[in-house]
Amino acid sequence: MSSNFCSKPVDVSKFRLIYTGAQKNVGPSRVTIVIVRKDLVGNAQEITPVMFDYKIHVDNNSLYNTPPCYGIYMCRLVFEDLLAQGGLKEVEKKNIKKAQILYDAIDESNGFYRGLVEKSVRSLMNVSFTLEKSDLEAEFIKEAAKEKNQKMIQLKGHISVGGMRASIYNAMPLAGVEKLVAFMKDFQDPSNMRTIICDEKLKVLLDFESFNGFTISEFLSAHFVKTKQ
């Protein structure tokens, strides 16, 4: 398990072994957590490397080697916070609410934004989507990162998929998702996307063939003169 670990309740009795990285919802990278059924401990094959023989870790209280103390301590703080929030049932409710408003923005965009995952298996942690016009995706990422848009960064999609990916792990507040949705709706506004073709005089003045609401705003802002109030 990775992204979904501690994002919702999981019936661990259905698994013989769960191996998970902590770096998404629990703590810093390099901390791994193993939940293993007791009757499986002590049955490692002879060729099993020492570090993967979980009986050794059980017998040594997870202290067979020097552990990443800081990372484990941070995990403890996160676990305490999760309990303070009411446990994973309450955390799941928050995650569902965050994901729902983001997926609604995608589904209700009339095709301007397109989800990449079948609805029945959509992730609550990573929301992937593309734009109907792929040539606008770079502009979307660029505009989102600007200070006026709360500097929303790291929205570029995974290299194998492309598009955009919004990671909304446990630590992402609802307000952060709402900011992204507001930006998405503003970006979709036809008045921002309407392309204006320059005539010859305007081409000389602006030095480009066409522009839209975003590009002309960026161009003009460099020439604004600040005055003292």
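Cys6 counts as buried because its relative accessibility is 9%, where buried means under 20% relative accessible area, exposed means over 50% and partly exposed lies in between (1.4 Å probe, protein chains only). The model is predicted, so local features need pLDDT of at least 70 and side-chain atom pairs count only at pLDDT 80 or more, while totals for chains, interfaces and linings use all residues. Residues are numbered from 1 along each chain as its sequence is written, and side-chain values use heavy atoms, with hydrogens and water left out.

Cys6 lies in the segment before strand E1 (17-21); helices (H or I, at least four residues) and strands (E, at least two) are DSSP runs numbered from the N terminus. Cys6 has a positive phi of about 65 degrees although it is not a glycine. Most residues other than glycine have a negative phi.

A disulfide is a covalent bond between the sulfur atoms of two cysteines. Here a disulfide is taken as a pair of cysteine sulfur atoms within 2.5 Å, and by this rule the count is zero. Cys6 is in no disulfide, and the nearest cysteine sulfur is that of Cys75, 9.0 Å away. Seen from Cys75, the closest cysteine sulfur is the one in Cys6, and the separation of 9.0 Å is too far for a bond. Cys75 is buried, since its relative accessible area is 5%.

The protein as a whole contains eight helices and seven strands. Of its 229 residues, 30% are buried. Its accessible surface comes to about 15,500 Å², and carbon and sulfur atoms hold 55% of that surface; accessible areas come from the Shrake-Rupley method with a 1.4 Å probe, and for residues only the protein chains shown count as cover. Among contacts with a separation of 6 or more, 49% join residues 24 or more positions apart, where contact means heavy atoms within 4.5 Å.

In soluble globular proteins, nonpolar side chains tend to be buried together. A nonpolar core is defined here as a set of buried Ala, Val, Leu, Ile, Met, Phe, Trp, Tyr and Cys residues joined through side-chain atoms within 4.5 Å. The largest such core has 24 residues, and Leu102, Tyr113, Phe140 and Met184 touch the most other members. At least two residues of this core come from each of helix H3 (88-107), strand E4, helix H4 (137-144), strand E5 (164-167) and helix H5 (174-188). H5 gives the most, with six residues. A second, separate core of nine residues includes Phe5, Cys6, Ala22 and Cys75.

Residues up to four places away in sequence aside, Phe140 touches Tyr113, Phe129, Leu131, Leu155, Met164, Leu180, Phe183, Met184 and Phe187. Within H4, the buried residues include Phe140 together with Glu137, Glu139, Glu143 and Ala144. These residues are on the same side of H4 because they cover an arc of only 160 degrees around the axis, the arc being that of the directions from the helix axis to the C-beta atoms.

Asn126 is placed in strand E4 (residues 126-131) and counts as buried because its relative accessibility is 15%. Its side chain makes a polar contact of 3.4 Å with the side chain of Ser3. A polar contact is a pair of N or O atoms within 3.5 Å; within protein, one must be able to donate a hydrogen and the other to accept it, and residues adjacent in sequence count only if both atoms are side-chain atoms. The side chain of Asn126 makes a further polar contact, at 3.3 Å, with the side chain of Tyr169. Beyond its neighbours within four places in sequence, Asn126 is in contact with Ser3, Tyr103, Arg165, Ala166, Ser167 and Tyr169.

Asn43 is found in the loop between strand E2 (32-36) and helix H1 (54-59). Asn43 is exposed, as its relative accessible area is 55%. The side chain of Asn43 reaches the backbone oxygen of Asp39 at 2.9 Å. Asn43 and Tyr54 are 11 residues apart along the chain, and their C-alpha atoms are separated by 9.1 Å. Asp81, in helix H2 (residues 69-84), counts as partly exposed because its relative accessibility is 41%. A polar contact of 2.8 Å joins the side chains of Asp81 and Gln85.
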